[in-house]
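Subject: The model, and what turned up in it

Hi,

Here is the structure I promised to pass on.

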Amino acid sequence: MHQLTNYINGEKVPPAGGAYLDNINPATGAVFSKVPDSDAADVEAAVAAADRAFPIWSKTPADERSRILLRMADLIESRLDEFARAETDDNGKCLSLARTVDIPRAVKNLRFFATAILHTQSESHVTDGQALNYTLRKPRGVCGLISPWNLPLYLFTWKIAPAIATGNTAVAKPSEVTPVTAAMLADVAIEAGLPAGVLNIVHGLGAKAGAAIVSHPKITTISFTGGTVTGRAIAAVAAPMFKKISLELGGKNPTIVFADADMKKALPTSVRAAFANQGQICLCGSRLFVERSICDDFTAKFVAAAKQIRVGDPLEESSAMGALVSKAQLDKVSQYVALAKEEGGEILCGGEPPAPVNDRCKNGYFVQPTVIAGLSHSCRVNQEEIFGPVVSIIPFDDEKQVIDMANSTPYGLSASIWTENLNRAHRVAEGVQSGTIWINTWLLRDLRVPFGGMKQSGVGREGGDEAIRFFTEPKNVCIATPND
Ligand code: NDP
C-alpha cells in the first residue's frame, strides 16, 4: 500500500511519531493509501526549515522565483492524467471534472502568481510639497496554509502560489481526507528546483497538525479555507496572537431566476450550480429562488434534468456525478434529507443512494441529486450549509422579497442571478450580500478579481492583487522634501 510522506526542508520524510491514517477511496470505500498522522514535532521541524529558508528566498529575485513556479506548473500539466486520477481516487469526483477543472485551475494558479510578481507596482504619494511617501511591500515570513478536501490541489495551490511567489516561505496542510495530490506536489517542487524549506507540506488531522500550525508563534500569517466552525476556532487562537488571517469559509448560496431569464442558459447552469462536484463546491447554489409565475414549469424541468444526471463510477466518462467524499459526508446529507421531510418539505427526486453503480463501487458513498420543494426560506435546511447534492426550490413574488430571503442566512459567499433586465440585474447584485455575484453565469473565474465571503463566509479576500497584498507587509517610507 502506498505510504505518503511529509515534505520538510526539501525532503520527503515520515512523520516523527511514525503514525499513519487510512486514506479511503470514496468511490470504493477501500483504503488505498496511508497518510502521515503528523503532530506538533513535524510542524516544528517544518517551521524551522521555513524560517531558515526565508532570508534567502525573500531576497531571491522575482524573476528566479517566477521561473521555478512556472516549472512547477509545467510539470503538473505534463502529468495531468496522473494528477487527475489521484484526485479522483482521493475525492470521489469524476475524472472528467478533475481533468478539465481541478488540475488545469491548479496549473493556472501557479502560472498566474508566477507572472503577477513580475508586474507589481509600488505606491507613492506626494504630500503637498512637504514629503514624498513610498510604500515598500515586503514578504511577511513563514505562512501557515490550510485547505479543505473539496477541490484539493486547486485550493492548495491557490494559497501556496501567492505565498511563495511573493517571497514568503510556507508550512502547508492539505485535508487529511484528500492528501495525494499534495504529496505529488512535493515531487514537483523537488524536480522544479524549489529551494529546501521554501514549501513544507505536513499531512495530518486538523485538530493536531492543523492546530499546531495555527498556534505556532513563528507563523504570523494564516490563510485558511474550510468550514465556518473551524474558521471560528482558528480565529479564536490567532486573534490574541495578532496574526494576520484570511478565512474562506462556508456558503449557502442563492441562485435567483426571474421570469424573464433566458431559460436555455438558466436551467442547465442552475442544475450544474446545484450538483457539480456532488454539490461539494463552496460556491454551489443550494437555494434556488424562482419567480412564482414560472416556478411550477421551471421546477418540473429542473427535476427532469436532475433525474438525467448519471451518478456513476467516477472513472467512467459517462458519469456526471461521482461519490461524496466520505461516509461522514454521506451521513450528513442523509440527515439533512430526513430533516427536510420533518420540516414539511417534499422530496421531488433523489435523497437516496442510486442502484449499485458497478461491482468496483458497490461500497462507495453515492447519493442521487436531490431536489426539495415546499420549505420556508427560514427553516434549517435552507439556513445551514449541507455541502452535498441537495437543492431547495423556493418561489418568490418580487425583487425586494427575494433579496431579503437571499440575505436571510448567516452566509454571504456567492450568488447567481438570472434575468435579461440589465437594471434589475444591477439592483439585485447590489442588494444581495455576497462576496461574488454572477449575472447570467456561474463559477466563471478571473484570477484578478477579489474573491471571498461576506458575513460568516469569511474574512479577507483572495485573488490577484488581494492575495499579493495579503502575503506582503506594507511599509511606508516618508522623505521630507522641504522647499525652502
Ligand atoms: P474543515 O473546516 O473541516 O477543514 C478544513 C481544513 O482545516 C482541513 O485541512 C482540516 O483538517 C483543517 N482543520 C480542521 N480543524 C482545524 C483546527 N482546529 N485548526 C487548524 N486546522 C484545522 O472543512 P472541510 O475540509 O470539511 O471543507 C468543507 C468546508 O470548506 C465547507 O464548509 C466549504 O464551504 C468550505 N469551503 C470554502 C471555500 C471558500 O472559498 N470560501 C472553498 C471550499 C470549501 P482535517 O481534514 O483533518 O479536518
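Helices (H or I, at least four residues) and strands (E, at least two) are DSSP runs, numbered from the N terminus. Please keep in mind that this is a predicted model, where local features need pLDDT of at least 70 and side-chain atom pairs count only at pLDDT 80 or more, while totals for chains, interfaces and linings use all residues. Residues are numbered from 1 along each chain as its sequence is written, and side-chain values use heavy atoms, with hydrogens and water left out.

Now the hairpin itself: S4 and S5 form it with 4 residues between them, and glycine 29 in the turn has a positive phi of about 75°. S4 (residues 20–25) and S5 (residues 30–36) run antiparallel to each other and share 6 bridges. Aspartate 22 sits opposite lysine 34 of S5.

(Buried means under 20% relative accessible area, exposed over 50%, and partly exposed in between, with a 1.4 Å probe and protein chains only.)

S1 runs parallel to S5, joined to it by 2 bridges, and histidine 2 has serine 33 in S5 as its bridge partner. For lying across, contact means heavy atoms within 4.5 Å. For the angle, axes are lines fitted to C-alpha atoms, for helices over the stretch in contact, and angles run from 0 to 180 degrees between N-to-C directions.

**The seven-strand sheet**

There is also an open sheet of 7 strands, again with mixed pairing, in the order S15-S16-S17-S14-S13-S19-S20. S15 (346–349) and S20 (436–439) are the edge strands, each pairing on one side only. From one strand to the next, the twist averages 25°.

S13 (residues 253–257) runs parallel to S19 (residues 414–418), with 3 bridges joining them, and valine 257 stands opposite tryptophan 418 in S19. S13 also pairs with S14 in the parallel sense, over 5 bridges; there, proline 254 has arginine 287 of S14 as its bridge partner. S14 (residues 285–291) has 7 of its 7 residues buried, so the strand is largely enclosed by the rest of the structure. Helix H13 (residues 422–431) lies across S13, S19 and S20, running at about 165° to S20.

**The ligand**

Which residues come nearest to the ligand? Of the 31 around it, they are Glu176, Gly206, Thr230, Cys282 and Glu385 (a residue is near a molecule or strand if one of its heavy atoms lies within 4 Å of it). Helix H7 (206–215), strand S11 (219–225) and helix H8 (228–238) each supply at least two residues of the shell, with H7 giving the most, 4 residues.

A few polar contacts stand out (pairs of N or O atoms within 3.5 Å). Ligand oxygen atoms lie 3.3 Å from a polar backbone atom of glycine 226, 2.8 Å from one of glycine 227, and 2.6 Å from a side-chain N or O atom of threonine 230. The protein covers 85% of the 900 Å² of accessible area that the ligand has on its own; such areas come from the Shrake-Rupley method with a 1.4 Å probe.

**Two buried residues**

Glycine 144 is in strand S8 (residues 142–146) and is buried, at a relative accessible area of 0%. Not counting residues up to four places away in sequence, glycine 144 touches Val171, Ile213, Ile219, Thr221, Ile222 and Ser223.

Serine 66, in helix H2 (residues 62–78), is buried too, at 2%. Leaving aside neighbours within four places in sequence, serine 66 is in contact with Ala114, Thr115, Ile117 and Leu118.

Cheers

Notes
Pairing = 2+ DSSP bridges. Polar contact = N/O pair within 3.5 Å; in protein donor to acceptor, adjacent residues only side chain to side chain.
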